[in-house]
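Here is a short briefing on aromatic pairs and nonpolar packing. Look over the sequence and the fold, then read on.

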Amino acid sequence: MIYSFNFSNIFDKKNGKKLVILGVIMLAIGVYCLTKKSVGIKVFSWGLSIIFLYGAWLSLKSVNELTRYASRIEVRNARLNLLLYFIIALLLLLFPKYVNMLLSTVLGVYLIYKEVLIFLGHKRYGVTRYSIWNVLKLFIGVLLIVSPLYLSKFLVSILSIIIIIFGINFIKNGIRLINERGY
């Protein structure tokens, strides 16, 4: 079964009040998450959890399809993916702060590892070409290890601003639709 969402009639006159209500809700959530970063991190993690639950659902559908014709190894790998998606979704729901800290630290270690490999690779050939971009990535990697929630707070700030912008846009369009005269 294929699910599709039809947004073609969202800007009809009958949806004007709904757009205003949606805009006010989005504006309130955006401002609240922008001012309270810890709540914003939880909301961000819960959104990621929903994405992973959707991935688990899609993986479950593929496991059901694979059991008909695929080998046992493929089915087992698909079940492991399903289990991994579901575990990550549960961890993001239950422990949002700690999972974000862990992911930021792992990303920081990965960035530092890659930049050290690049530096040593250049040094082996006698060339010490290390650009500003490489130094910036190294700095970001160190920053992610020292302050693990930095990335999460930064993403929450950006997403909150985007939600505020969409909320203002929905309020503006809803008011325009309400005030429109139908002939």
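Phe52 is partly exposed, because its relative accessible area is 26% (buried is under 20%, exposed over 50%, partly exposed in between, with a 1.4 Å probe and protein chains only). This is a predicted model, in which local features need pLDDT of at least 70, side-chain atom pairs count only at pLDDT 80 or more, and totals for chains, interfaces and linings use all residues. Residues are numbered from 1 along each chain as its sequence is written, and side-chain values use heavy atoms, with hydrogens and water left out.

**Aromatic pairs**

- Rings of Phe, Tyr and Trp (its six-membered ring) pair if their centres lie within 6.5 Å; planes under 30 degrees apart are stacked, over 60 edge-to-face, the rest tilted.
- The count comes to 3 aromatic pairs.
- Phe52 and Tyr85 are a tilted pair, because their ring centres are 6.3 Å apart and their planes stand at 45 degrees.
- Phe52 sits in helix α2 (residues 37-69) and Tyr85 in helix α3 (residues 72-94), so the pair ties together parts 33 residues apart in sequence.
- Helices are DSSP runs (H or I, at least four residues), numbered from the N terminus.
- Tyr85 is partly exposed at 30%.
- Phe166 and Phe170 also form a tilted pair, 6.5 Å centre to centre with 50 degrees between the planes.
- Phe166 and Phe170 are 4 residues apart in helix α6 (residues 150-179), so about one helical turn separates them.
- Phe166 is partly exposed at 41%, whereas Phe170 is buried at 14%.

**Nonpolar core**

- A nonpolar core is a set of buried Ala, Val, Leu, Ile, Met, Phe, Trp, Tyr and Cys residues joined through side-chain atoms within 4.5 Å.
- The largest has 5 residues: Val63, Leu66, Ala70, Val75 and Ala78.
- Helices α2 and α3 each give two or more residues to this core.
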